[in-house]
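Q: Could you take me through this structure slowly, and tell me how each kind of feature is read before we look at the case at hand?

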Amino acid sequence: MAIDVSAERQPSRLVVRLAGELDIASVPQVETVLRRAEEDLKPLVLDLSGLSFIDSSGLRLVLTAHARARDAGVSFTIVRGPEPVRRVFRVAHLDDRLTFVDTLDEATPS
Amino acid sequence: MQRSRTLAGGSDPSFPESARARIPTRAVRIPDRPLSVVAKRWRTLVRGILIAAAGPAAVTAVVVRVDLSRPFQVAALLYLLPITAATFFAGMWAGLLSAAASFVGLLYYFAEPMRSFRWPHATEDIVGLTVFVAVSYILARSISAEHGTRVSSEAAERHVSFLAAANEIIARSALDLTKTLSELANVTIPAIADICIVDLVDPDRTITTMAVASGEPVRAALADNLHHMPPIQPSSPNAVAEVIRSGKAVLYETVDEDVLRGLARTPDHMALLLGFHLRALMIVPLPSRGGILGTITLGSVRPRRRYGQEELSLAGDLAVRAATALENVRLYEERDRSAQALQESLLPTRMPEIPAVEIAYRFHPFTEADLIGGDFFDVFQTGARSWAFVVGDVCGKGSEAAALTGLARNTIRAAAMSRAEPSSILGVLNQAIIRHDIDRYCTAAYARLDLIADGDDLRARLVVSSGGHPAPIVLRRSGVAEEIGRSGTLLGVFPDAEQTDTEIDLSLGDAVVLYTDGLLDERQATPELKLLSILTECGGADAEAIAERLDATASRADVVFDDRAVLVFRLSGETEPEETPRLWRST
């Protein structure tokens, strides 16, 4: 199964939505969209609520995007995914190191 | 000795006498190729002259005997037959020769004055002779032109379709050397040869027969014996070695015993070659950027299949394509081997023997295409009665990931020499990765086992720490399974990563399982619970059985993209039979 990735430019933030499986095969596609979105230097929201699976390559993608945002001084918020996706972040002990919210509305107001 | 390093001719001083002795001393002379070409031209010439002369003579004999009153036109028409035949079989020059002979016959027997070589008086005969000359010239010219184009266009068509087939086969057989070579040999049968032998230069420069193909009327069983001929030394006078040294193809339009002696490696080989009744041979080199890879030897056993410059250039075209394919196969195999070596360097070369502890593992590196998996595991001794068990996973695949895997494994071993707490050892690894690679991370579980002999009772203490890695599981002899501690931060991203140590006691019959997430069906919400429930059924089983059970479950699940590793150890209380006295007895 492939991935659907979309970027939406809102007045005060950029929302990148992922739906499907984020694995070694789909990472390059998401990486391209993410990097283009980052050029705006606006608060970034990564919406994982439509994601059914994430593997270690996907986790790395999120971590490196987070590091880039931190270096650029831009806020980076993640909308939590379903349980299989949450589990991966939990095992990696990333719950308190990245900024998570449960719904898109909770993220930086648009 | 310097000479022995070059491929250029001459005898190799480093070449052992014993190996030299295997090559029959008679096999020294490579027949002179121009001689055989000249011989063939003479034969063609003689045959053409015979055909050109015999036809008109026969016609003359027949027509003179019939004694018609005015046979000039009839005779002229009949003479056109041998001219046609001569042109067709031996070319335009033979046709014209035949026309000249016919002209002489017509002039002498059928034009007035008869039976004299004088120019005829009758205008009719003069016109007749002139027309005859013109007609025979046009006839010879058109037949030879038409025949020639047909032959060459047929040949060109065969040439193109043969190479297309060869291309396809070479592309299809892609990455398997043996398969590519046998496909290559097969494609020549029966298109351009009745027997085909492919010889390759080995890494030590000896030349070995790698593939043989044959078709009717060569008996396959006989041809198969060619596989078992000894390799040729690079400096041997053998014709194949000569082609490899010179890089130039050779063509034997005819084959005699001398030619075969130049090919034979042993008397047995000679006998075998004689048995094929070869009529023509070509040996073409397989050229590549790095030198000659080997040769293709093509043989004909049919009188109608002759080899000339055209066939030689066809074989040369085939060889160029084949050599490209072979080079690819070789590069791929080399890369595969080094990847394999790298992967193997990531596993312990030898499992340490721990008294009274069984160890079992299953390791499935991700080997699709050129990807190397990032899983690793290790078992090593850290103290008199202490051993470390490590399982880890480096994010990503490929050689870069494998390099990080090596770093992780070595860092852990080095850190364990000066530190005891697993969390502290993982902390060192965390720092090492941050300094080494800003872009990658690693997860690992580290367990230190301290054996405690307490009289006849075997006990052990286990200290575990996990960095972003599924926590190891303890399986009690009773069948109770639980995770040991909680996972800390993954390694290599955050300088302030937090790791904790969890300590538990182990008794006889207890087992511990370390694994990578490839073992889990991660599309489930709680894959660990499933793993725990499978383990519950394994209480009391030995380490080997537990590892097998877990591995079998994972291979049934729809896990495609990850490699997986599972490492199990169990306090069995039994030492290997060959070892000195039992340290612990099971109760």
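A: Let us begin with a term: a polar contact is a pair of N or O atoms within 3.5 Å, where within protein one atom must be able to donate a hydrogen and the other to accept it, and residues adjacent in sequence count only if both atoms are side-chain atoms. The model is a predicted one, in which local features need pLDDT of at least 70 and side-chain atom pairs count only at pLDDT 80 or more, while totals for chains, interfaces and linings use all residues. Residues are numbered from 1 along each chain as its sequence is written, chains are lettered from A and ligands numbered from 1 in the order in which they are written, and side-chain values use heavy atoms, with hydrogens and water left out.

Q: How many residue pairs are in polar contact between chain B and chain A?

A: Between chain B and chain A there are 6 residue pairs in polar contact, with both residues at pLDDT 80 or more. On the side of chain B that touches chain A, β13 (487-488) and α14 (527-536) of chain B each supply at least two residues; helices (H or I, at least four residues) and strands (E, at least two) are DSSP runs, numbered from the N terminus. The residues on that side of chain B comprise 11 nonpolar, 7 polar and 9 charged, where Ala, Val, Leu, Ile, Met, Phe, Trp, Tyr, Cys and Pro count as nonpolar, Asp, Glu, Lys and Arg as charged, and the others, Gly among them, as polar.

Q: How many salt bridges are there between chain B and chain A?

A: A salt bridge is a side-chain nitrogen of Lys or Arg within 4 Å of a carboxyl oxygen of Asp or Glu. The count between chain B and chain A is 3, and one of them is a salt bridge between the side chains of Arg97(A) and Asp496(B), at 2.9 Å from N to O.

Q: What area do chain B and chain A bury between them?

A: Buried area is the accessible area (1.4 Å probe) that two parts lose on being put together, summed over both. Chain B and chain A bury about 2200 Å² in this way, with 54% of it on carbon and sulfur atoms. Contact, meaning heavy atoms within 4.5 Å, takes in 27 residues from chain B and 21 residues from chain A.

Q: What pattern does chain A follow along the sequence?

A: Chain A has 3 helices and 5 strands, and reading along the sequence gives β-β-α-β-α-β-α-β. Of the 110 residues in chain A, 55% are buried, where buried means under 20% relative accessible area, exposed over 50%, and partly exposed in between (1.4 Å probe, protein chains only).

Q: Which residues touch the most other members of the largest nonpolar core?

A: A nonpolar core is a set of buried Ala, Val, Leu, Ile, Met, Phe, Trp, Tyr and Cys residues joined through side-chain atoms within 4.5 Å. The largest has 35 residues, and Leu18(A), Leu22(A), Phe89(A) and Leu94(A) touch the most other members. Its largest share, 6 residues, comes from α2(A). Leaving aside neighbours within four places in sequence, Leu94(A) is in contact with Leu59(A), Leu63(A), Phe89(A), Phe100(A), Leu490(B) and Phe494(B). A second, separate core of 34 residues includes Ile189(B), Tyr307(B), Leu318(B) and Ala323(B).

Q: Which peptide bond is cis, and what is its omega?

A: Most residues other than glycine have a negative phi, and most peptide bonds are trans. Here a cis peptide bond joins Ile189(B) and Pro190(B), with omega about -5°, and Pro190(B) lies in the loop between α6 (177-187) and β1 (195-201) of chain B.

Q: Where is Arg205(B), and where is His277(B)?

A: Arg205(B), with a positive phi of about 80° although it is not a glycine, lies in the loop between β1 and β2 (207-214) of chain B. Arg205(B) counts as partly exposed because its relative accessibility is 27%. His277(B), whose phi is also positive, near 55°, is found in the loop between α10 (267-275) and β4 (280-288) of chain B, and at 60% relative accessibility His277(B) counts as exposed.

Q: Is Ser236(B) buried or exposed?

A: Ser236(B) counts as buried because its relative accessibility is 2%. A polar atom of the side chain of Ser236(B) lies 2.8 Å from the backbone nitrogen of Asn238(B).
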